[in-house]
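Morning, everyone. Please bring up the model and keep it in view while I talk.

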Amino acid sequence: MVKKFAGPFCLTFFLALLIIDMQFLWKYVDDMVGKGLEWYIILELLFYVSATFVSLALALAVLLSSLMAFGNLGEKYEIVALKSAGISVTSLMKPLAILAILIAGFSFWFSDNVVPAAYLKWRTMMFEIAEQKPALSIDEGVFYDGIDGYTIRLGKKHRDNENIEDVLIYDHTKHVGNVSGTYAKKGKMTITPDKKFFIFSLYDGYLWDEGRNQNSRSESYPYFFARFDKQYMKMDISSFQKQNVDDDFFKSSSKSLKMNDIDSLIAEKEADLKDVSDGVYMKFEASFYKECIFRSDTFTAPKASGNVFNLYSLPKDWQGQIVYRALNKANNTIGCLSYVDVVSEIQEREIRECEIEYHQRLVLPFACILFFFLGAPLGTIIRKGGIGIPLVVTIVFFAFYFVVSIFGEKAAKSGDLPVWLGMWLSTFVTLPICVFLTYKATMDSAIMSSDAYLNFIRKITGFPQKIRHIFKKK
């Protein structure tokens, strides 16, 4: 059974990982296109990205491979033969169930130890790539302004991408417009080995500067013009290179932490939230005017009856001051409470994100076990081998699980559901289906048989027996 399971599992695992990687490339293609990335940088990025999706690919591979393994056995009537020899479906499922548990354990270890480091690496690389300027690509007949301070137009560029003709370069480094430029009939463009400078070797041309000494009133001839046989121009393109960012830049994210660290971070954020809430202490008293207004020993304030104070019992020149101070205090209180509300909302959202990541690392490993008890019974019941029908069934059930998972995660992020319930919602919904299918498979139920459903309809509706034959003929 393990041999029958291992082959499809390895195949579907790498296939699922490849599909997920393609989805990643499609999502971030705008950040990487035109950046002139070397092939080994792209492979390194895909390596780190693939590591972050291993747990998801393992769960999907378990579902498809278990369905294929038991579907092949059912299609070749090997399950029937094994049952006749006294080997039950439960006995067939037991070794693969143990293997699924081991895969789940590996998935949990991988997601808690390897995935945080891989996530940190690929986030750092993606940030560096996104900040990198587009690669130097100058087309014929187009004004290229990708290099800071220069605008370049090439009349013709040879196939070697070095020899050029009809070259026009405007110098904008002085920020005074197109007053300085260079023209050459032909030339050659190269990049230094360290890829920090772009070199133009220009031949048979001229240069001009209409703004030369234009700020000097004593200059009689501000316009400058000169011809040349050969000239070199050096442009700084170091900003085109991938910038190095320290890994610590993304270490504050919960995705780059282990579960123990996430737990500590949640406790720390909850303590901060409590400090913010407890730090606001507003006490309203009926006699607050005594500490705000009265600082004179010559005036004795009338006593208030209970919590009620009569403002009109004070002198008229004091009444306006009391009302003014009361309004200021009320406005300050409202502002302080609004600040606390905003800070508390931010802290609660960060706590929910940490808790979501914490539960995510438990849900996906458990999904490996869950999907085995979904795929194995389905394969036993459907009895179709190969990859066609099992792949269709896998897509249907995985899409259902994925949709419920996304719904639960969004509800957990928004606070509509408790985090634990939102993250485990897909498991709670899928678990009864797995139990039901496993029970039907072990009981040799004809749940996927059309005859069983036709017999049931005939008994309920009283249709004649010939209806069954009509469906058989179709």
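Ring pairs join Phe5, Phe9, Phe13 and Phe14 into a cluster. Rings of Phe, Tyr and Trp (its six-membered ring) pair if their centres lie within 6.5 Å; planes under 30 degrees apart are stacked, over 60 edge-to-face, the rest tilted.

The ground rules. This is a predicted model: local features need pLDDT of at least 70, side-chain atom pairs count only at pLDDT 80 or more, and totals for chains, interfaces and linings use all residues. Residues are numbered from 1 along each chain as its sequence is written, and side-chain values use heavy atoms, leaving out hydrogens and water.

Searching the whole structure gives 17 aromatic pairs. One of them is Phe47 with Tyr48, edge-to-face, 5.7 Å centre to centre and 65 degrees between the planes.

Next, charges over rings (NZ of Lys or CZ of Arg within 6 Å of the ring centre and within 35 degrees of the ring normal). Arg123 lies over the face of Trp122, 5.4 Å from the ring centre. Lys234 lies over the face of Phe197, at 4.2 Å.

Now helices, meaning DSSP runs of H or I, at least four residues, numbered from the N terminus. Which residues of H1 and H3 meet? From H1 (residues 2–27), Leu17, Asp21, Phe24 and Leu25; from H3, Leu45, Leu46, Val49 and Ser50. Contact here means heavy atoms within 4.5 Å.

Key: Axes fitted to C-alpha atoms, helices over the stretch in contact; angles between N-to-C directions. Helix = DSSP H or I, 4+ residues; strand = E, 2+ residues; numbered from the N terminus.
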